[in-house]
Amino acid sequence: MPYEDYPLPEKVGVREFRENMTGFLRQARQGSSFLITSHNEVVAEIRPPRESQRSPRRPGALRGKIRMAADFDTLSADVLAAMEGEGE
């Protein structure tokens, strides 16, 4: 949905937002917008990200770009001994 098509934001007090933040964020994910107010002054806006700000996941995008050292799973003798309770 283009950003311009979202409904006008609903005003919500800070206390109400804090008490049900998860619910408001869920609604934002579904397209709702909220103006968070404190003493009738808008202090924040919660809205879904614009389509251009969402980056779809691309499985395998890092294939070939991540390398592990040959010894990544090798422990030094002193560390291994400490883990096994030896040398105390």
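Figure 1. The model is predicted, with local features needing pLDDT of at least 70 and side-chain atom pairs pLDDT 80 or more, while totals for chains, interfaces and linings use all residues. Residues are numbered from 1 along each chain as its sequence is written, and side-chain values use heavy atoms, without hydrogens and water. The chain has 3 helices and 3 strands (DSSP runs numbered from the N terminus: H or I of at least four residues for helices, E of at least two for strands). Their order along the sequence is β-α-α-β-β-α.

**Figure 2. The largest nonpolar core.** This core has 7 residues: Val12, Phe17, Phe24, Ala28, Phe34, Ile36 and Ile46. Two or more residues each come from α2 (21-29) and β2. A nonpolar core is a set of buried Ala, Val, Leu, Ile, Met, Phe, Trp, Tyr and Cys residues joined through side-chain atoms within 4.5 Å.

**Figure 3. Contacts of Val12 and Thr37.** Beyond neighbours within four places in sequence, Val12 is in contact (heavy atoms within 4.5 Å) with residues including Phe17, Phe24 and Thr37. Thr37 belongs to strand β2, residues 34-38. Thr37 counts as buried because its relative accessibility is 13%. Leaving out residues up to four places away in sequence, Thr37 touches Lys11, Val12, Gly13, Val14, Val42 and Val43.

**Figure 4. Val79 in helix α3.** Helix α3 spans residues 77-83 and includes Val79. Val79 counts as partly exposed because its relative accessibility is 36%.

Definitions and conventions:
Buried means under 20% relative accessible area, exposed over 50%, partly exposed in between (1.4 Å probe, protein chains only).
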